[in-house]
Amino acid sequence: GKIWKCSCASQGEWGGGVTIAGIDEPIITPATFNMYGGEICYNTANIGGGVSIGNPNGTHNHPAIFNMYNGEIHHNSSGSWEQYSGGGVYVADYAIFTMENGCISDNTAEAQYGGALGGGVECVGTFKMFDGTISGNTASGGAGIFLMYNNTNAENQPVCNAYITGGNIINNNGEGIFIYNNEKYPEKAYLKISGNVNISGK
């Protein structure tokens with residue numbers, strides 16, 4: 001199957017192809033989306049051109065889980081008024097993206113003001129990559145993966161975690177992985193790479 005040519009292009013809108021968001025009251029209940037194959041492609045949004053996980057606004061805790069077992073997320077684009085873009089996939093705080101396999105490729109992050117961040121994946125929540133490929137994505141910061149913790153008033157907010165133990169992060173148009181941390185809470189953005197991981201540029 002294919003989810004394609006969908007658009008959420010208004011300012012502040014997210015999740016061009018798929019939006020995953022749970023509820024935070026009266027009981028915190030996460031939403032879960034499992035992708036076993038198919039394509040999410042040629043979609044556009046302000047934030048998360050292909051897929052948006054959680055709530056990028058940060059005004060509510062909307063827990064969400066995206067498990068990608070296979071398939072392709074490609075040729076999506078985000079055009080944010082701010083920096084929080086995510087051409088292929090955007091992972092908000094309280095959200096978890098697990099990539100077991102599949103391909104995230106040829107996605108583009110753009111921004112009207114500030115840097116265009118996270119061509120393939122932009123994460124301020126949790127990202128786990130066990131296999132698969134992230135390639136050919138474009139952004140001014142973190143063309144492959146952009147990790148960020150940038151909340152200056154978030155002493156009790158969750159950290160931004162990324163665990164990469166396999167797969168390929170290759171041939172992206174910019175940095176393969178970029179980590180941006182907050183000076184006040186420098187320990188809040190965390191990346192661990194282990195196992196057989198191939199990271200290379202063009």
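View A. A disulfide here is a pair of cysteine sulfur atoms within 2.5 Å. Cys-123 is buried, at 0% relative accessible area. Buried means under 20% relative accessible area, exposed over 50%, partly exposed in between (1.4 Å probe, protein chains only). The model is predicted: local features need pLDDT of at least 70, side-chain atom pairs count only at pLDDT 80 or more, and totals for chains, interfaces and linings use all residues. Residues are numbered from 1 along each chain as its sequence is written, and side-chain values use heavy atoms, with hydrogens and water left out.

**View B. Cys-41 is in no disulfide.** The disulfide count is zero. For Cys-41, the nearest cysteine sulfur belongs to Cys-6, 9.4 Å away. Cys-41 is buried, at 1% relative accessibility.

**View C. Strand S16 pairs with S12 and is joined to S19.** Strands are DSSP runs of E, at least two residues, numbered from the N terminus. Two of them pair if DSSP finds at least two bridges between them. S12 (residues 95-99) and S16 (residues 126-129) run parallel over four bridges. Four bridges also link S16 to S19 (residues 160-170), again in parallel. Thr-126 stands opposite Ile-96. In S19, the bridge partner of Thr-126 is Asn-161.

**View D. Four phenylalanines form one aromatic cluster.** The members are Phe-33, Phe-66, Phe-97 and Phe-127. The whole structure holds six aromatic pairs. Rings of Phe, Tyr and Trp (its six-membered ring) pair if their centres lie within 6.5 Å.

Key
Phe/Tyr/Trp six-rings, centres within 6.5 Å; stacked < 30°, edge-to-face > 60°.
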